[in-house]
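Visitor: I am new to this structure and would like to know what stands behind the terms used for it. Please show it to me first.

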Amino acid sequence: DHKATIIDGKAIAQIIRSEIASEVQDLSKKCGKVPGLAVVIVGNRKDSQSYVSMKRKACAEVGIKSFDLDLPEDVSQDEVISKVHELNANPEVHGILVQLPLPKHINEEKVLTEISIDKDVDGFHPLNIGKLAMKGRDPLFLPCTPKGCLELLSRSGVSIKGKKAVVVGRSNIVGLPVALLLLKEDATVTIVHSRTPDPEHIIREADIIIAAAGQPMMIKGSWIKPGAAVIDVGTNAVDDSSRKSGYRLVGDVDFHEGCKVAGCITPVPGGVGPLTVAMLLKNTLDGAKRVISQTTDD
Ligand code: NDP
């Protein structure tokens with residue numbers, strides 16, 4: 001019985017975080033400067049609060065200074081934008097992250113566009129996404145989850161050039177940017193979405209599958225080409241009465257079946273999730289290094 005290699009995202013993220021911690025230390029020894037990340041949260045959504053506290057804790061662990069902005073649910077759009085402008089102007093802040101989703105009365109696009117592109121550590125500014133889409137242009141930052149997917153592939157020894165890759169999902173934050181990134185790395189890329197007929201036949205052609213549909217265990221073992229690399233971004237809560245919480249997390253891929261067919265596969269949880277946070281720290285460090293090297297060049 002074939003058994004896929006399970007890609008241990010938690011362990012890979014831990015290695016990356018210790019690499020970052022030692023670079024942060026070097027930077028502060030050489031230049032006396034510490035990378036800074038501003039994490040802005042509006043309102044009190046439970047899920048957003050837990051993501052934000054995870055990100056702030058991860059900063060502290062590697063020595064990145066975090067600037068915490070907790071704004072009330074009823075804050076005005078103008079006020080959020082003026083906070084972003086303050087952070088743009090603050091030389092101690094090298095990265096700005098606005099936790100999404102924002103409350104309904106605030107236009108997300110308007111807010112994200114105000115973030116200075118050289119502090120856009122989430123990589124969601126339209127200019128950074130545009131540069132990602134264009135040949136021969138380099139965005140200042142890559143979005144964290146897509147970048148994490150590619151990091152998992154490269155650290156698992158999976159090459160991308162010339163491979164057939166299928167991305168399931170086309171959202172602005174995962175599906176689309178991961179497809180653009182695979183294209184930049186010379187894969188032949190197909191995007192499957194909710195209007196795609198016969199997704200299983202298209203997915204079965206793929207050497208590399210990136211699943212980001214948010215549909216619990218949609219991809220069955222029979223949809224996977226034997227030996228394919230499977231990166232499962234999906235994080236879906238399903239009812240489970242045997243758990244104290246009443247639910248458990250599953251991916252977009254049927255993991256049990258996938259293990260019998262794939263060459264390598266990420267688990268959920270413990271696959272892509274830890275990489276998303278690690279890439280945020282990496283982007284913040286890289287942003288800080290860029291600014292610091294510019295000021296020492298002068
Ligand atoms: P969205 O809901 O914004 O997008 C889902 C995409 O999947 C859409 O493009 C949609 O198509 C497509 N889709 C939905 N149903 C199907 C289907 N049956 N067949 C094919 N395509 C389908 O989700 P996100 O991109 O924000 O997130 C996707 C998943 O990844 C979620 O489970 C989320 O929790 C998880 N996630 C995990 C992260 C991590 O760090 N591990 C980070 C971010 C997200 P259409 O465009 O036609 O509607």
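Visitor: Leaving aside neighbours within four places in sequence, which residues is Phe-255 in contact with?

Guide: This is a predicted model. In it, Phe-255 is in contact with Ile-6, Ile-265, Thr-266 and Pro-267, once neighbours within four places in sequence are set aside. Contact requires heavy atoms within 4.5 Å.

Visitor: Where is Phe-255 found, and why does Phe-255 count as partly exposed?

Guide: Phe-255 is found in helix H9, residues 255-261. Its relative accessibility is 29%. Buried means under 20% and exposed means over 50%, so Phe-255, at 29%, counts as partly exposed.

Visitor: What makes a set of residues a nonpolar core?

Guide: The residues must be buried, of a listed nonpolar kind, and joined through side-chain atoms within 4.5 Å. The largest such core here has 52 residues, and those with the most contacts inside it include Leu-37, Cys-149, Leu-182 and Ile-231. Helix H10, residues 272-297, gives the largest share of this core, 10 residues. Domain 1 (32-117) and domain 2 (144-274) each supply at least three residues to this core. A second, separate core has 20 residues, among them Ala-38, Leu-87, Val-98 and Leu-112.

Visitor: Which residues is Leu-182 in contact with, apart from its neighbours within four places in sequence?

Guide: Leu-182 is in contact with Leu-150, Leu-153, Ile-160, Ala-165, Val-167, Ala-187, Val-189 and Ile-210. In soluble globular proteins, nonpolar side chains tend to be buried together.

Visitor: How many residues surround the ligand, and what makes a pair of atoms there a polar contact?

Guide: The ligand is surrounded by 21 residues, with Arg-170, Ser-171, Ser-194, Thr-235 and Thr-276 the closest. The largest share of this shell, 3 residues, comes from H10. A polar contact is a pair of N or O atoms within 3.5 Å. With Thr-235, a polar backbone atom is 3.0 Å from a ligand oxygen. The ligand taken alone exposes 930 Å², and the protein buries 68% of that.

Visitor: How is the chain divided?

Guide: The division is into domain 1 (32-117) and domain 2 (144-274). Their C-alpha centres lie 29 Å apart.

Conventions
Residues numbered from 1 in each chain as written. Predicted model: local features only at pLDDT ≥ 70, side-chain atom pairs only at ≥ 80, totals over all residues. Heavy atoms only, no water. Buried < 20%, exposed > 50% of the residue type's maximum accessible area, 1.4 Å probe, protein only. Helix = DSSP H or I, 4+ residues; strand = E, 2+ residues; numbered from the N terminus. Domains from an automatic or database assignment. Near = heavy atom within 4 Å. Polar contact = N/O pair within 3.5 Å; in protein donor to acceptor, adjacent residues only side chain to side chain. Areas by Shrake-Rupley, 256 points an atom, 1.4 Å probe, with all protein chains shown as cover.
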